Amino acid sequence: MYTRNVLETPKKLVQNGKINFGTFLSAPEKIDIKDVPAPYAGIPFPKFVSNTRIKSRLSFVFDNDEYIGMCEFFDDKVFGLAEVIFWEKKTGKKMAYHNFMGPRRRFVPKNTRKAACVSFDKTRYMKISWNRELNKIFLSFTVKGDKFRPAAKGRFEAVFDEYTKEMVAVTPAPSTQRCSATWIMAMPSKGGISVAKHRRFIKQLPVENSRSMFLLNRTYVKSHSLREVMFGFVNLDGKNISFSFASSNQDASNPDHFNDNVLVIDKELTPMPPVCITHPFGVSKKWVIQDTESMVDLAFYPASVNNRVLNIIVMRNAYSTIYGTFEGVLLSKDGEKIVLKNCPGIVKKSTLRL
């Protein structure tokens, strides 16, 4: 059975130029990886130059009986991109809204105690926030419709309690000269989404039991970065089950010791082994997700694919966000067997060129 060493959480992820690699079950005060000396080919570029290569993503993924979707912020240092996308489960109807954000000192925050990331546009308002003093994690959005999409409002709220499991993974990217840091949480939540022809027709939002995952990632990226990340949710026998698997061309050279993969079953969190993700017939056909430890044997069947390409000066960001279902088997660290059938999930495949 696969196991991964869990270490005591350091005060800082980078201390005196040294990266604290490892897996931690609580978050330090900040998710900050700047000021690593000579992260590229050992060349000692000025730190303000190498720090510009750190790109950040903040995601809140949600699932309830009616909708599944995600809100994500991408921080390129110079600009930001905010997007919310969700699907109506019964019909597979997709609704996607995005907003380009101009220069700002910082889009995705570093503080793990109290912070917020906001798109302030009147027609594309989106906000992810957290506050440990108030014991709350929020997602809220209000987006204007058009002739292709309805207007929509959404709100999801979770709390920091024994059912909110968190993990921080600091991994080589792919060498130990630079790193990727991921803070991930899985938690039950309450909330819902309402849609209408116009926002003024939406008077109140449903409050339903939901499942959610929160992810904040910072990475020293390559000039050509490929990443696939997936999230799945299901309630089996009264237990909330959430999982996340990722694969990229910046995975650590020793992924058995360093990766972001996780399975959460109610109060139990299992750091999972590295996986191989393949889709030999294209992103719209069957995906296969497997490991070498017999803990992950899944297939993902896409139902709806949303493609988008963003070209800005010297950057190209092409990505696909896919809704579908998982089938297969997962094993927890205690050997508990989770058999999945028609488990809703989201996969995001992205290509970033700088």
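Modeller: A strand here is a DSSP run of E, at least two residues, numbered from the N terminus. Before going on, this is a predicted model, in which local features need pLDDT of at least 70 and side-chain atom pairs count only at pLDDT 80 or more, while totals for chains, interfaces and linings use all residues. Numbering runs from 1 along each chain as its sequence is written, and side-chain values use heavy atoms, with hydrogens and water left out.

So who are the neighbours? Strand 12 (residues 151-159) pairs with strand 14 in the antiparallel sense, over 7 bridges; strands pair if DSSP finds at least two bridges between them. Strand 13 (residues 165-172) also runs antiparallel to strand 14, joined by 8 bridges, and a hairpin of 6 residues leads from strand 13 to strand 14. There, Val 168 stands opposite Trp 183 of strand 14. Then comes strand 15, antiparallel to strand 14 over 12 bridges, where Met 213 is the bridge partner of Ala 186.

With 15 of its 18 residues buried, strand 14 is largely enclosed by the rest of the structure. Buried means under 20% relative accessible area (exposed is over 50%, partly exposed in between, with a 1.4 Å probe on protein chains only).

Among the 16 aromatic pairs in the whole structure, Trp 183 and Phe 214 make an edge-to-face one, 5.0 Å centre to centre with 70° between the planes. Because Trp 183 lies in strand 14 (residues 179-196) and Phe 214 in strand 15 (residues 208-220), the pair ties together parts 31 residues apart in sequence. Both residues are buried. For the cut-offs, rings of Phe, Tyr and Trp (its six-membered ring) pair with centres within 6.5 Å; planes under 30 degrees apart are stacked, over 60 edge-to-face, the rest tilted.

Phe 214 also turns up in the largest nonpolar core, which has 51 residues: together with Phe 73, Phe 86 and Trp 130, Phe 214 touches the most other members. Strand 14 gives the most to this core, 6 residues. A nonpolar core is a set of buried Ala, Val, Leu, Ile, Met, Phe, Trp, Tyr and Cys residues joined through side-chain atoms within 4.5 Å. Another core, of 25 residues, lies apart from it, with Phe 245 and Leu 330 among its members.

Terms used: Helix = DSSP H or I, 4+ residues; strand = E, 2+ residues; numbered from the N terminus.
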